[in-house]
Structures are given as structure tokens and as C-alpha cells.
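Trainee: I have this model open on my screen and would like to go through it with you, one region at a time.

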Amino acid sequence: MREKNRAEFVTKYSKALIIVALVTVTGAVYWPARNYDFALVDDHGYVSQNPIVQSGLSWENVKWAFTTTAMANWHPLTWLSYMMDFQLFGLSPGAFHTVNVVLHILSSVVLFLVFEGLTKRRWESAFVAALFALHPLHVESVCWISERKDILSTLLMWLTLGAYGRYVQNARWT
């Protein structure tokens, strides 16, 4: 009887357990990044020596974010996220790194939820999300402040895929 109760528990709460496991394991792997400093490559142009980012969020800075190609890129959401980080935490490299880690964890969880919702295959979706979360190719994106653009674009991609999947399944815009 005890085995049956355990099996029912796992079946009933497996989605929540998978999410908790994804958050825990991914957080544990990337948590040391909070102790890292600004990188000598690009972080100065994006954050540590950027007077616009360091002046925080303002209407003028929002306009700048949407019109600039500073650092040879047009990525207004990245600029706005740096400004918000500075507004909230000041010039603390650990805070910028921590936000990257949190965004990557969120992206991994969203990936799991989207794939599970599209395929109805929970454990396979969990495997894909874990592989994404822990793959060594993501270390640079998560641990380098300047690569926030990669983390944000990936999160938005998973959210877009999920929205499209819901639309296809429901055939309604709502």
C-alpha cells in the first residue's frame, strides 16, 4: 500500500517536483556566478563604465535604449534590463550576475512547461529542459553580464513558442 501511495504522489506532483528540481539544480550550478566581477571584455561598455545605464531608468534613457546601436547591437530590452538592475542594486556585479542566473532558471522552467504543454510528454520535456539548463554552452551566457541579450532572447523565444502552441491548440487568440 505504501508503494501505491508513493506512486500516486509522484504522479500527482511530478510537474511541481520537476520544476523544483530544475530550479534547485540549475541554481546550484550557476550560483557561484554571484561572486564574479565585471569581465574585462564588454562589461565596461555595457554596464560598469556606461553613464547612461548608470543613470537608471528614465524616459530619456528608454528613448536611448530604443534608438542606439551602442556596442554594435540594437537590443533595447537588454539596455532596459541593465538600467533596471542598476536602479535596484547599484553597480554591484554580483547583482547583475544573479539576475542572469534567475533569468536562465526562468527560461529553463518555461522551456519545460512549453514542451510539456505541446507534447504532453512530461519526462521527455523535463530531460530537454535539464539539458538546456545545464549544457556547458550556456555558461558564457549566464556568467558573462554582457551576454544578457542571449538569455533574454531565449526566454522570449520560449514564451513566443508557448503562446503559439496555445493558439494552435485552442484556435483562438485569447
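Trainee: Which residues is R148 in contact with, leaving aside its neighbours within four places in sequence?
Mentor: With those neighbours set aside, R148 is in contact with T78, S81, Y82, D85, F96, V99, N100 and L103, where contact means heavy atoms within 4.5 Å. Keep in mind that this is a predicted model, in which local features need pLDDT of at least 70 and side-chain atom pairs count only at pLDDT 80 or more, while totals for chains, interfaces and linings use all residues. Residues are numbered from 1 along each chain as its sequence is written, and side-chain values use heavy atoms, with hydrogens and water left out.

Trainee: And is R148 buried or exposed?
Mentor: R148 counts as buried because its relative accessibility is 0%; the classes are buried under 20% relative accessible area, exposed over 50% and partly exposed in between, with a 1.4 Å probe and protein chains only. The residue lies in helix α8, and helices here are DSSP runs of H or I with at least four residues, strands being E runs of at least two, numbered from the N terminus.

Trainee: What joins the side chains of R148 and D85?
Mentor: A polar contact of 2.7 Å links those two side chains. The term stands for a pair of N or O atoms within 3.5 Å; within protein, one must be able to donate a hydrogen and the other to accept it, and residues adjacent in sequence count only if both atoms are side-chain atoms.

Trainee: Switching to the nonpolar side, how many residues are in the largest core?
Mentor: That core has 22 residues, and L22, V101, L103 and F112 have the most contacts inside it. A nonpolar core is a set of buried Ala, Val, Leu, Ile, Met, Phe, Trp, Tyr and Cys residues joined through side-chain atoms within 4.5 Å. Two or more residues come from each of α1, α5, α6 and α8, with α5 giving the most, 9 residues.

Trainee: What is L22 in contact with, sequence neighbours aside?
Mentor: Beyond the four places on either side, L22 is in contact with G27, S108, V109, F112, A129, A130 and A133. Apart from this core lies another, of 13 residues, with F38, V47, W64 and M83 among them.

Trainee: Next topic, rings: how many aromatic pairs does a search of the whole structure find?
Mentor: The search finds 9, where rings of Phe, Tyr and Trp (its six-membered ring) pair if their centres lie within 6.5 Å, and planes under 30 degrees apart count as stacked, over 60 as edge-to-face and the rest as tilted. Y164 and Y167 are a tilted pair because their ring planes stand at 40 degrees, with centres 6.4 Å apart. Both lie in helix α8 (residues 148-170), 3 residues apart, which is about one turn of the helix. Y164 is exposed at a relative accessible area of 53%, and Y167 is partly exposed at 31%.

Trainee: Which residues form one aromatic cluster?
Mentor: F38, Y46, W64, W79, Y82 and F96 do.

Trainee: Then how do the axes of α3 and α4 cross?
Mentor: The axes of α3 (residues 59-67) and α4 (residues 76-89) come within 7 Å and cross at roughly 145 degrees; axes are lines fitted to C-alpha atoms, for helices over the stretch in contact, and angles run from 0 to 180 degrees between N-to-C directions. On the α3 side the contact is made by N61, V62, W64, A65 and F66, and on the α4 side by P76, W79, L80 and M83.

Trainee: Last one, the backbone: what is phi of D42 near?
Mentor: Phi of D42 is near 75 degrees, a positive value in a residue other than glycine, and D42 sits in the loop between α1 (2-30) and α2 (43-48). K120, in the loop between α5 (93-119) and α6 (122-134), likewise has a positive phi, near 60 degrees. D42 is partly exposed at 27% relative accessible area, whereas K120 is exposed at 60%.
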